[in-house]
Amino acid sequence: QPLAAWVDAGLASQMQGFCGLVPSASSWRSDSKATPKAMRQSFEGRLCLYRFLLICTSLLESASCWLTVWEISFPESYFYNKFEAYSLALPGLDRALGAICAINSVYLFIFWVMGTVVRSDMYRVLAWGRLFLSCGTGSVCVTLVFVSESTKIFPFVSTLCSLLYLQAAVFGALVPWRGRAPSRGKACFWKSILVFLAALTVAWCMMYLLDGMAFLRESECLATQNTAMPVRIAGVTRWQCARWKKPHAISRTPKDGDAVLEAQCSTPFHALDVPSEVGNVTVWTPSQQAHYVRCPPSCQRFNLANEVVGCQIYDSRSSVCAAAVQMGVVNSDEGGLVMVVGRAPPSAWQGCELNSVRSVENITNMPGTAWIHDRGSVVEGQAGANSTARNTTKLGAFYFQGVFGMEQEDVVTLHSFRRVSTPGPREPYRSYVADVSWRIGGGALQRRDVTLGPAAAPDADIELNFCHSAEPAANDCE
């Protein structure tokens, strides 16, 4: 049996220049007739394409795997969506995926060393050996795509790269190996696998693009991309967006549709009182909501109704516009629109002098006193000469948000959360309880454990809920 061609080529390389039998190496070129045929360079198009696809898909899969780890890391710090409720049910999932990515990176480095430094043609062996890592990454990322309901992009990309890598590896089975092409039966089998994987890849992309990852979707609790926790507090008009372990200043706003109060210089906060009937007596209670008030200009220039009691927090009989000038929320010469918030009165008042407006700790003849008497009412507990009046007015207080030192009047803090049960495929957020504290209008600080999700009663004191339907929702913190 004749020896293989590479044996002849090896002998010839050792006999270069010997008695002119074999030309010297300097005269050899890949296209020279003097070069033995076995040692001429040859170009295999399919083999080159296979190696190119294998390298590209491997690198893309590795990069997307690391990006997936970055996107899902630290779910305990970003627990503002349903996705994190699923992730926290499997503690260490991000670290496990990171370990697979690290092993994959080391494997690719070995791959590069064997192919570039050692120049060993082991592409097919190394490619099939790496399939175990690729399948592991793809399986985890498929699960992440399902539970995120298409809100996470990198798990989808990583799964797509795994499918492309698998197709590249299968394509390698169709490429001739060491001069031998696969048999007809094997070629037909691998082509069928390749067509199936291509169809699966197209279906995967279409499902993601058409928002078809809805296997765990709830119609009343769609997956969200919140960057903070939606919080609803009784007495506050709008939902708040608070973050874990950070005090959040509650933004008070007037109710939708509330008219702006066109105030005079002497208008007290009692102009916003809320009446209620108690037997045959009308009781006027100061509002504890937010309201817009438009103040006229030049009240202080003409010394009109400058009497105010309190500092930062004011007696409800005080002039709203004079207090606004003192706090610097409106210009005394120009007037303008201010937002004022009602609250319960403090145990004692303080006086101060700011922006040419001096307030006192107590005064009997304030603008609000005459206002109360003009509507035929008396201050509760201070009937005096008007004891025959059938109307009673309770006293209150008001303040302005955004003023330095008033941050703690309205604040909510999400201290921590804990898992109380194992989350299921539906309503996973019900398995978590948050430790929350809040204060509204300078009242008493309240603190309690709150189960995440829709409140059991619509009038609950507080609700932490990122669930909403497909319609535009008030609890949107994206």
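This is a predicted model: local features need pLDDT of at least 70, side-chain atom pairs count only at pLDDT 80 or more; totals for chains, interfaces and linings use all residues.

Entry 1: At a cut-off of 30 Å³ or more, I found one cavity in the structure. Next I listed the lining of this largest cavity: Cys295, Pro296, Pro297, Ser298, Cys299, Gln300, Cys321, Val325, Val330, Asn331, Ser332 and Gly335. Which classes do the residues of that lining fall into? I noted seven nonpolar, five polar and no charged.

Entry 2: I then turned to open space. The largest pocket has a volume of about 380 Å³. I looked up its lining of 19 residues, and the closest to the pocket centre are Glu71, Tyr78, Glu84, Lys152 and Asn226. By class I wrote down six nonpolar, nine polar and four charged residues for the lining of the largest pocket. Helices also went into my notes: H2 and H3 each supply at least two residues of that lining.

Entry 3: On to the rings. I got a count of 16 aromatic pairs. One of them joins Phe79 and Phe417 edge-to-face, with 5.0 Å centre to centre and 70° between the planes. Where do the two partners sit? Phe79 is in the loop between helix H2 (45-72) and helix H3 (82-87), while Phe417 is in strand E16 (residues 411-419), so this pair ties together parts that are 338 residues apart in sequence. I also checked accessibility: Phe79 is buried, as its relative accessible area is 0%, whereas Phe417 is partly exposed at 23%.

**Entry 4: a stacked pair.** My next pick was Phe156 with Trp204, which are stacked at 6.1 Å centre to centre with 20° between the planes. Phe156 belongs to helix H6 (residues 153-172) and Trp204 to helix H7 (residues 184-209), so the pair ties together parts that are 48 residues apart in sequence.

**Entry 5: a cluster and a charge.** Going back to Phe79 and Phe417, I saw that ring pairs link them with Trp244, Tyr429, Tyr432 and Phe466 into a cluster. Last, I looked for a charge over a ring, and noted that Arg130 lies over the face of Tyr165, 4.3 Å from the ring centre.

How values were computed: Residues are numbered from 1 along each chain as its sequence is written. Side-chain values use heavy atoms; hydrogens and water are left out. On a 1 Å grid over the protein atoms alone, a cavity is a set of points where a 1.4 Å probe fits but cannot get out, and a pocket is an open set with protein on both sides within 12 Å along at least five of seven lines; lining residues have an atom within 4 Å of a point. Grid points are joined across faces, edges and corners, and a volume is the space filled by probe spheres set on the points. Ala, Val, Leu, Ile, Met, Phe, Trp, Tyr, Cys and Pro count as nonpolar, Asp, Glu, Lys and Arg as charged, and the others, Gly among them, as polar. Rings of Phe, Tyr and Trp (its six-membered ring) pair if their centres lie within 6.5 Å; planes under 30 degrees apart count as stacked, over 60 as edge-to-face and the rest as tilted. Helices (H or I, at least four residues) and strands (E, at least two) are DSSP runs, numbered from the N terminus. Buried means under 20% relative accessible area, exposed over 50%, partly exposed in between (1.4 Å probe, protein chains only). A charge sits over a ring if NZ of Lys or CZ of Arg is within 6 Å of the ring centre and within 35 degrees of the ring normal.
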